[in-house]
Amino acid sequence: MSTTLPAAGATHYAPNAELTRTAHVSGPEAYAALVAEAEADYEGYWARLAREFVAWKTPLTKTLDTSEAPFFKWFEDGTLNVSYNCLDRQVEAGSGDKTAIIFEADGGEVTTVTYSQLLERVCRASNVLRSLGVSKGDRVVIYMSMSIDGVVAMQACARIGATHSVVFGGFSAQSLRDRIADTGAVLVLTADQQVRGGKSLPLKAIVDEALALGGCDSVRQVVVTRRTGADIAMVPGRDLWMQELAGSQPSACEPEWVPAEHPLFLLYTSGSTGKPKGVQHSSGGYLLHAALTTKWTFDLKPDDVFWCTADIGWVTGHTYIAYGPLAIGATQVVFEGIPIFPDAGRFWQMIERHQVTIFYTAPTAIRSLIKASDGISASHPREFDLSSLRILGSVGEPINPAAWEWYHEQVGGGRCPIVDTWWQTETGGHMITPLPGATALVPGSCTLPFPGIMAAIVDETGEDVPNGQSGILVIKKPWPSMIRNVWHDEERYRSSYYPPELRGYYLAGDGAGRDAQTGYFTIGGRIDDVLNVSGHRMGTMEIESALVSCTDHVAEAAVVGRPDETSGEAVCAFVVLKGPRPEGEEAKRLAAVLRNWVGKEIGPIAKPKDIRFGDNLPKTRSGKIMRRLLRSIARGEEITQDISTLENPAVIEQLTRTN
Ligand code: WTA
């Protein structure tokens, strides 16, 4: 098909002959045939795949219900259990002794579990939850780090039909509280501590702090998994040890069969305004896309060793650790630690050690490892045997062509295709991505839509924009793994994703363009007030609210993003203090106070890199903060905006000073 051929002159990499011959989607013709099938009979295409990839308890007869658009229903009358699909199905198919997870702890100890063992652990944990009165539809918050236990916790919720909400272990007590309160969770699953980079960090103590902040009356129990054995406080009657409870539970547990639309999980993510949104995902449609994309995008075969380095606290860790790989019976690596401990060779050493064949990570990790190995040869990928690798992946932010080329050459030895996967918490799985045996690659482009995904670029009125021009990225038709709602906030779901001017298209929130010849997509980044720092999504307003809640010091604050070499984007905060504008050492001291404050309010990932103090903030005559001007100041660009109406032009100079 012509659209799979990259532009004349652009650096491109054709799929290798071996992959074109053997991949699940083998060659451009196979891709084109799937695209054509979906175009000719959209519902028929998805129904076929739903029957192929999901084991249904009650077979589906309905595919898509659009009667309450934009609240779409997929496979509505089918019933299933996600945990059954991930575990029992593999055991029943004779893969019980196959390794499901190779877990490497921060300190390097390795533990493996087979599918049968994982099933047993999930069943015991499910029985624990049931014995504590947790049932279908109840919400359970999971505040755990990367571990087999974390995956077990998620699978156990799925098994009994409880809706989980995983909160990243780096979020603060305040952020955790907000999520517990919004979900109305009946139970919190956590661990005594987490271990990262050689340090033991609290988890349970932060849960205690979060619950003490109030508003979490729905929580009846806190169940704690022992990780480090640290001496931690347990509240009698409320707090229980998972290992003690699980030991006395039966090793089998009948799954709860749920309708396809039953909410499998809520995952909070930042929007442009207000508090983080609880993105609600379904069971059937979500599982289908998790399984399908894991298989096709990574060309996953039975002998592969798959490693996704994301954390289970983010959507990538949901779809490509906790669900997708298990749903297709893969062997995967789960890693507790961080890429630079004990040194920046950790990823490469682990690839060599576990003979990883498919490696999926974020551009920010690649960029920081490029920097770390510069001049320090011991942690350079060339020092390791990476010959087991056959496919590489990238996710979370645009990958710049220089990082792409390094990844391709130094890690992939020039022979492994890179799948640059564009998607979002809301999309559930990959939306625009190369398929390794079918798509010629262009560094920096996520290439073409996954078969059946109707991605397009339009203008503000929803009109198609011709290839070669940029516009806003939309998905024209609903797809099975899409967000179903913002947890109990239908209005916010509508206004965030289906604004009336866009003709019923899903608004992704990213700017993008398509190549004039090939139609390949390139993502420009967010068009709203959402920042992407090291692949973590944050709303500028969330950080502003955190800053102004420091009422001892802060009168007003505005936050913008600016490009950063390593983290992609960096948080830059402009602050007006209640007292006089500080200078010199005092400014540095107060900047540190505010950074820590934001770290405590939201989590360390949200700490502003730059904090700048002004007597006031530049505003329009109508009193609006001039954000575009602030962005230019943050970037150190020449000011081209009209600043003649500013009451206090001196503020511009003040705001250029970093502390
Ligand atoms: C960005 C992460 C360019 C994008 C899976 C999107 C990307 C946001 C890519 C979603 C990519 C993700 N190329 N940009 N391959 N993947 N993004 O919800 O701005 O944490 O809207 O989901 O990350 O971030 P989220």
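# Close-up views of a predicted model

**View 1. Arg-503 sits in the loop between α15 (490-497) and β24 (506-514).** Helices (H or I, at least four residues) and strands (E, at least two) are DSSP runs, numbered from the N terminus. A word on the model itself: it is predicted, so local features need pLDDT of at least 70 and side-chain atom pairs count only at pLDDT 80 or more, while totals for chains, interfaces and linings use all residues. Residues are numbered from 1 along each chain as its sequence is written, and side-chain values use heavy atoms, with hydrogens and water left out. Back to Arg-503: its phi is near 60°, a positive value in a residue other than glycine. Is Arg-503 buried or exposed, or partly exposed? With a relative accessible area of 48%, Arg-503 is partly exposed. Here buried means under 20% relative accessible area, exposed over 50%, and partly exposed in between (1.4 Å probe, protein chains only).

**View 2. Phe-75 also has a positive phi, near 55°.** You'll find Phe-75 in the loop between β2 and β3 (79-80). Phe-75 is buried, because its relative accessible area is 0%. As background, most residues other than glycine have a negative phi, and most peptide bonds are trans.

**View 3. Two prolines follow cis peptide bonds.** The bond from Ala-69 to Pro-70 is cis, with omega near 5°. Pro-70 belongs to the loop between β1 (64-65) and β2 (73-74). Phe-341 and Pro-342 are joined by a cis peptide bond too, and there omega is about 0°. Look for Pro-342 in the loop between β17 (331-335) and α12 (346-354).

**View 4. Side chains reach oxygen atoms of the ligand.** A polar side-chain atom of Gln-424 is 3.0 Å from a ligand oxygen. For Thr-425, a side-chain N or O atom lies 2.6 Å from an oxygen atom of the ligand, and for Arg-537 that kind of distance is 2.7 Å. How much of the ligand's accessible area does the protein cover? The protein covers 96% of the 530 Å² that the ligand has on its own, with areas from the Shrake-Rupley method and a 1.4 Å probe.

**View 5. Arg-484 and Glu-261 form a salt bridge.** That term means a side-chain nitrogen of Lys or Arg within 4 Å of a carboxyl oxygen of Asp or Glu. The closest N and O atoms of this pair are 2.9 Å apart. Arg-484 lies in the loop between β22 (470-475) and β23 (485-486), and Glu-261 in the loop between β13 (258-259) and β14 (265-269), so the pair ties together parts that are 223 residues apart in sequence. Both Arg-484 and Glu-261 are buried. The structure holds 39 salt bridges.

**View 6. Arg-657 and Glu-583 meet in another salt bridge, 3.0 Å from N to O.** This pair links distant parts of the chain, 74 residues apart: Arg-657 is in the segment after α19 (650-655), and Glu-583 is in the loop between β29 (568-577) and α17 (584-601). Arg-657 is partly exposed at 34% relative accessibility, and Glu-583 is partly exposed at 49%. Salt bridges that share partners join Arg-581, Glu-583, Asp-615, Glu-653 and Arg-657 into one network.

**View 7. Helix α5 covers residues 115-131.** How far should the 17 residues of α5 span? At 1.5 Å a residue they should span 24 Å, and the end C-alpha atoms are 24 Å apart, which agrees; the expected span is 1.5 Å times one less than the number of residues. Buried residues in α5 include Tyr-115, Leu-118, Leu-119, Val-122 and Leu-129. After α5 comes Gly-133, with a positive phi near 85°.

Notes:
Polar contact = N/O pair within 3.5 Å; in protein donor to acceptor, adjacent residues only side chain to side chain.
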